[in-house]
Amino acid sequence: MIILGIDPGTSVMGYGLVKEVKTQVELICMGVVKLDHLNDHPLKLKHIFEKTVILIDQYKPDCLSIEAPFYGKNIQVMLKLGRAQGVAIAAALSRNLPIFEYSPRKIKQSITGNGNAGKEQVAAMLKTLLKFKESPEFLDATDGLAVAVCHSFQKMISTGGKKSYSGWEAFAKD
């Protein structure tokens, strides 16, 4: 199964794609869509929609997992994030993909064990989990990747996440 994770944003949208292979999660790619050069909000939304469709058409994911907007100090920011999330969801729906939404706290908890973890902590844990060395230009890329990995982990938990081992050494190694 291939999972597309998106961290919606109106300045930078982060995304990550992972592939589940048996009980492991492997990195396909991650990146960002820069939107800060556009000063028209509807144009940013159009760009988010188009880029999401391109990612779906290129990588053929089985589902979209997306971060839910959260309320910080500014309600206008939350409204704009909600619109960005909505057009990414619309892009997935236009390709008949199932959509799964996770709160920022749930994503951080799933990746690091701490729902209050910082972006740097999440990125560091993903580097360890997925065995990559490069540091993305923006932490939004690892945030998008975290959403995809979170969905994979949540699926394992909901299906029992049953793993089998050939012995104690294999269990300890895992």
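This is a predicted model: local features need pLDDT of at least 70, side-chain atom pairs count only at pLDDT 80 or more; totals for chains, interfaces and linings use all residues.
Arg95 comes out at 37% relative accessibility, so I put it down as partly exposed. Next I looked for its partner: Asp57 makes a salt bridge with Arg95, with 2.8 Å between the closest N and O atoms. This pair links distant parts of the chain, since Asp57 sits in helix H1 and Arg95 in the loop between H2 and E5, 38 residues apart. Asp57 is partly exposed too, because its relative accessibility is 35%.

I then checked how many salt bridges there are, and the count is three.

Another one is in helix H1. Glu50 pairs with Lys46, and their closest N and O atoms are 2.8 Å apart. Both belong to H1 and are four residues apart, about one turn of the helix. I recalled that an α-helix has 3.6 residues a turn, so residues three or four places apart point the same way. I noted Glu50 as partly exposed at 36% relative accessibility, and Lys46 as partly exposed at 47%.

Then I turned to Asp143, which forms a salt bridge with Lys119; the closest N and O atoms are 2.2 Å apart. Asp143 is in helix H5 (residues 139–158) and Lys119 in helix H4 (residues 119–130), so this bridge ties together parts 24 residues apart in sequence. Is Asp143 buried or exposed? I found a relative accessible area of 10%, and the cut-off for buried is under 20%, so Asp143 is buried. Lys119 is partly exposed, at 36%.

Now helix H2, residues 75–94. Which residues of H2 are buried? My list has Leu81, Ala84, Gln85, Val87, Ala88, Ala91 and Ala92. Looking down the axis of H2, I see them within an arc of 155°, so they line one face of the helix. Their cover includes strand E1 (2–7), helix H1 (41–59), strand E4 (63–67) and strand E5 (99–102).

I also looked at the ends of H2. At its start, a side-chain oxygen of Asn74 comes to within 2.8 Å of the backbone nitrogen of Gln76. After H2 comes Asn96, with a positive phi near 60°.

Last, I stepped back to the whole chain. I counted six helices and five strands, in the order β-β-β-α-β-α-β-α-α-α-α. Of the 174 residues, 42% are buried.

Methods. Residues are numbered from 1 along each chain as its sequence is written. Side-chain values use heavy atoms; hydrogens and water are left out. Buried means under 20% relative accessible area, exposed over 50%, partly exposed in between (1.4 Å probe, protein chains only). Helices (H or I, at least four residues) and strands (E, at least two) are DSSP runs, numbered from the N terminus. The arc is that of the directions from the helix axis to the C-beta atoms. Contact means heavy atoms within 4.5 Å. A polar contact is a pair of N or O atoms within 3.5 Å; within protein, one must be able to donate a hydrogen and the other to accept it, and residues adjacent in sequence count only if both atoms are side-chain atoms. A salt bridge is a side-chain nitrogen of Lys or Arg within 4 Å of a carboxyl oxygen of Asp or Glu.
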